[in-house]
Amino acid sequence: MKILIVEDDFASRKLMQKYLSPYGICEVVVDGEEAVLAFSESLENDDPFDLVCLDIMLPKKDGQQVLRSIRSLEASRGIEGSEGVKVIMTTALGDAENIMSAFRSQCEGYLTKPVTRQRLLEEIKELGLLTDEA
């Protein structure tokens, strides 16, 4: 599995990387602009991400904007629906407005911080990216 972790907080970033590195190759970026660039480059190189863990509160471009950019990049290449990358929002923002906005922008999961290893892996399994044996 190829994973993009988008997180500006150092401790959260390291924790997500620790949780996910046993299951795939992790690329880590610290702001929204880097996230869009990394995602775009992965498509251009025909080596797309399988999973994006995306914080909402990011510098330069927030997670909601990043998610819309990701879906726009996919659409421009004819990638739609279940063919697209699985995106899990990982954020401290648990209010209904942010949650609904994320799902309207086509995220597949939403976890509020603190994100535990168990909750993260359960979410990834529900998306079909991990088996129960993992």
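Modeller: Let's start at valine 87. Leaving out residues up to four places away in sequence, valine 87 touches Val52, Leu54, Leu67, Arg71, Cys107, Glu108 and Gly109. Keep in mind that this is a predicted model, where local features need pLDDT of at least 70, side-chain atom pairs count only at pLDDT 80 or more, and totals for chains, interfaces and linings use all residues. Residues are numbered from 1 along each chain as its sequence is written, and side-chain values use heavy atoms, with hydrogens and water left out.

Colleague: What makes something a contact of valine 87?

Modeller: Heavy atoms within 4.5 Å, that's the whole test. The residues listed for valine 87 pass it.

Colleague: And which residues touch the most other members of the largest nonpolar core?

Modeller: Val6, Phe39, Val52, Leu54, Val87 and Met89, out of 23 residues in that core. At least two residues each come from β1 (2-6), α2, β3, α3 (63-76) and β4 (86-91). Helix α2 has the largest share, five residues. There's also a second, separate core of 17 residues, including Tyr23, Ile88, Leu120 and Leu121.

Colleague: What makes a set of residues a nonpolar core?

Modeller: The members must be buried Ala, Val, Leu, Ile, Met, Phe, Trp, Tyr or Cys, joined through side-chain atoms within 4.5 Å. In soluble globular proteins, nonpolar side chains tend to be buried together.

Colleague: Why does threonine 90 count as buried?

Modeller: Its relative accessibility is 3%, and buried means under 20% relative accessible area (exposed is over 50%, partly exposed in between, with a 1.4 Å probe and protein chains only). So threonine 90, at 3%, is buried. Threonine 90 is found in strand β4, and its contacts beyond four places in sequence include Met16, Leu54, Ile56, Leu111 and Val115. Leucine 130 also counts as buried, at 13%.

Colleague: Where does leucine 130 sit, and what is it in contact with?

Modeller: Leucine 130 is in the segment after α5. Leaving aside neighbours within four places in sequence, leucine 130 is in contact with Met1, Tyr23, Leu121, Ile124 and Lys125. Leucine 130 and tyrosine 23 are 107 residues apart in sequence but 8.2 Å apart in space, C-alpha to C-alpha.

Colleague: How many aromatic pairs does a search of the whole structure find?

Modeller: One. Phenylalanine 39 and phenylalanine 49 form it, with 6.4 Å centre to centre and 20° between the planes.

Colleague: Why is that pair called stacked?

Modeller: Rings of Phe, Tyr and Trp (its six-membered ring) pair if their centres lie within 6.5 Å; planes under 30 degrees apart count as stacked, over 60 as edge-to-face and the rest as tilted. At 6.4 Å and 20°, phenylalanine 39 and phenylalanine 49 therefore make a stacked pair. Phenylalanine 39 lies in helix α2 (residues 32-44) and phenylalanine 49 in the loop between α2 and β3 (51-54), so the pair ties together parts 10 residues apart in sequence. Both phenylalanine 39 and phenylalanine 49 are buried.

Colleague: How do you know that lysine 2 lies over the face of phenylalanine 49?

Modeller: The rule wants NZ of Lys or CZ of Arg within 6 Å of the ring centre and within 35 degrees of the ring normal. Lysine 2 is at 4.5 Å from the ring centre and is listed as lying over the face.

Colleague: What makes the protein chain agree with a compact globule?

Modeller: The radius of gyration is taken over C-alpha atoms, and the globule rule is 2.2 Å times the number of residues to the power 0.38. For 134 residues that rule gives near 14 Å; the protein chain has 13 Å, which agrees. Buried residues make up 47% of the chain.

Colleague: And how many helices and strands are there?

Modeller: Five helices and five strands, where helices (H or I, at least four residues) and strands (E, at least two) are DSSP runs numbered from the N terminus.
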